[in-house]
Amino acid sequence: MSTKEVVDAVTMKRALTRITYEIIERNRGLEDLVLVGIKTRGIYIARRIAERLKQLEDIEVPVGELDITLYRDDQKAKNEDPEVHSSTIPVNLEGREVIVVDDVLYTGRTIRAALDAIMDYGRPRKISLAVLVDRGHRELPIRADYVGKNIPTSLTEEIIVEMEEADGKDRILIDKAGE
């Protein structure tokens, strides 16, 4: 296998800043906004976007943490018990504008599971999707509203997002299997 860095820390920060500015531009007022990060790295990205919104707009946007393990359609196919973590949604989502945040958009199955999970917390007025990386290869009709980087990949490649909070550094790698 060969691993190649395709995005460094500076470029990742720029991508997150770009997403933040797009959120500001597309939302008239941020009072009803809630960011919901999908565990694990989606939470770190959501927190960083909220931090940047605070710096730029001086507004505190609530950040929720969503574990979608029990909502995944591929877990039912496995014969093992999934490891479930807790979800924390700090505000009622009823009538709010929710932005689901994840690190990589691939087949769309994680996002479908996230949508099911969010509906258990109430019915938002609108749900949008922000991802750090869109790598293509969708199996479901799901697209991101906010994208940090489009990184086309082959089916044999894997995108690895490393973040300071979990991995000690910020970067995005492509792992080319079989090389």
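Which residues of helix 1 are buried? In the predicted model examined here, local features require a pLDDT of at least 70 and side-chain atom pairs a pLDDT of 80 or more, whereas totals for chains, interfaces and linings use all residues. Residues are numbered from 1 along each chain as its sequence is written, and side-chain values use heavy atoms, with hydrogens and water left out.

In helix 1, the buried residues are M12, A15, L16, T17, I19, T20, E22, I23 and I24. Buried denotes a relative accessible area under 20%, exposed one over 50%, and partly exposed a value in between (1.4 Å probe, protein chains only). Helices (H or I, at least four residues) and strands (E, at least two) are DSSP runs numbered from the N terminus.

Beyond helix 1, R28 occupies the loop between helix 1 and strand 2 and counts as exposed, at 87% relative accessibility. R28 and H137 are separated by 109 residues in sequence and by 32 Å in space, C-alpha to C-alpha.

Backbone geometry was examined next. Most residues other than glycine have a negative phi, and most peptide bonds are trans. The peptide bond from K39 to T40 is cis, with omega near 5°; T40 lies in the loop between strand 2 (33-38) and helix 2. D58, in the loop between helix 2 and strand 3 (63-66), has a positive phi near 50° and is exposed, with a relative accessible area of 61%. A positive phi, near 70°, is also found at H137, in the loop between strand 5 (126-134) and strand 6 (146-150). H137 counts as partly exposed, at 31% relative accessibility.

T153 is situated in the loop between strand 6 and strand 7 and is buried, at 10% relative accessibility. R135 also lies over the face of Y106, at 3.9 Å from the ring centre (a charge sits over a ring if NZ of Lys or CZ of Arg is within 6 Å of the ring centre and within 35 degrees of the ring normal). D134, in strand 5, is buried at 13% relative accessibility, and its side chain makes a polar contact of 2.9 Å with that of R138.

The largest pocket has a volume of about 530 Å³, taken as the space filled by probe spheres set on grid points joined across faces, edges and corners. On a 1 Å grid over the protein atoms alone, a pocket is an open set of points where a 1.4 Å probe fits, with protein on both sides within 12 Å along at least five of seven lines; lining residues have an atom within 4 Å of a point. The lining consists of 22 residues, of which R72, D102, D103, V104 and T110 lie nearest the pocket centre. Elements giving two or more residues to this lining are helix 2 (41-57), strand 4 (97-105), helix 3 (109-119) and strand 7 (157-162). Strand 7 provides the largest share, five residues.

Terms used
Polar contact = N/O pair within 3.5 Å; in protein donor to acceptor, adjacent residues only side chain to side chain.
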